[in-house]
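Here's a quick briefing to read alongside the model. Have a look at the sequence and the 3D view, then go through the notes below.

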Amino acid sequence: MPTYDFKCEKCNKKFSETLSVSEYDKTKFRCPKCKSTRVKQQITSFQTVTSRKS
Ligand SMILES: [Zn+2]
């Protein structure tokens, strides 16, 4: 499952959630600190595999 990193725009708290893609679609993310929903997703440490044509 991928890990999504977020940053709260209100208190600048960074947090991460590990969710499946289907869960991600229906989850409303909240800052664990201030409960704000104004969270911004960060670029995650996803492994972007670029398949090369050889
Ligand atoms: Zn917050």
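Which side chain makes a polar contact with the side chain of Tyr24? The partner is Gln41, at 2.5 Å (a polar contact is a pair of N or O atoms within 3.5 Å; within protein, one must be able to donate a hydrogen and the other to accept it, and residues adjacent in sequence count only if both atoms are side-chain atoms). Keep in mind that this is a predicted model, where local features need pLDDT of at least 70, side-chain atom pairs count only at pLDDT 80 or more, and totals for chains, interfaces and linings use all residues. Residues are numbered from 1 along each chain as its sequence is written, and side-chain values use heavy atoms, with hydrogens and water left out.

**Around Tyr24**

- Tyr24 sits in helix α1 (helices are DSSP runs of H or I with at least four residues, strands are runs of E with at least two, and both are numbered from the N terminus).
- With a relative accessible area of 25%, Tyr24 is partly exposed (buried means under 20%, exposed over 50%, partly exposed in between, using a 1.4 Å probe and protein chains only).
- Not counting residues up to four places away in sequence, Tyr24 touches Tyr4, Phe6, Leu19, Phe29 and Gln41 (contact means heavy atoms within 4.5 Å).
- Tyr4 is 20 residues away from Tyr24 along the chain, and their C-alpha atoms are 8.9 Å apart.

**The zinc site**

- Four SG atoms, from Cys8, Cys11, Cys31 and Cys34, are the protein donors of the zinc ion, at 2.2 to 2.3 Å (donors are N, O and S atoms within 2.8 Å of the metal, or 3.2 Å for Na, K and Ca; water is not among the atoms, so sites may look incomplete).
- The arrangement is tetrahedral because the four donor atoms subtend angles of 106 to 119 degrees around the zinc ion (for four donors, all angles must lie between 85 and 135 degrees).
- Along the sequence, the donor residues follow the spacing C-x2-C-x19-C-x2-C.
- Cys8 is buried at 1% relative accessibility, while Cys11 is partly exposed at 27% and Cys34 is partly exposed at 29%.
- You'll find zero disulfides in the structure (pairs of cysteine sulfur atoms within 2.5 Å).

**Ser36**

- Ser36 belongs to the loop between α1 (21-26) and β3 (39-41), and counts as buried because its relative accessibility is 8%.
- A polar atom of the Ser36 side chain lies 2.9 Å from the backbone nitrogen of Arg38.
- Leaving aside neighbours within four places in sequence, Ser36 is in contact with Cys8, Lys10, Phe29, Arg30 and Cys31.

Terms used:
Tetrahedral: all angles 85-135°; square planar, octahedral: opposite > 155°, others 65-115°.
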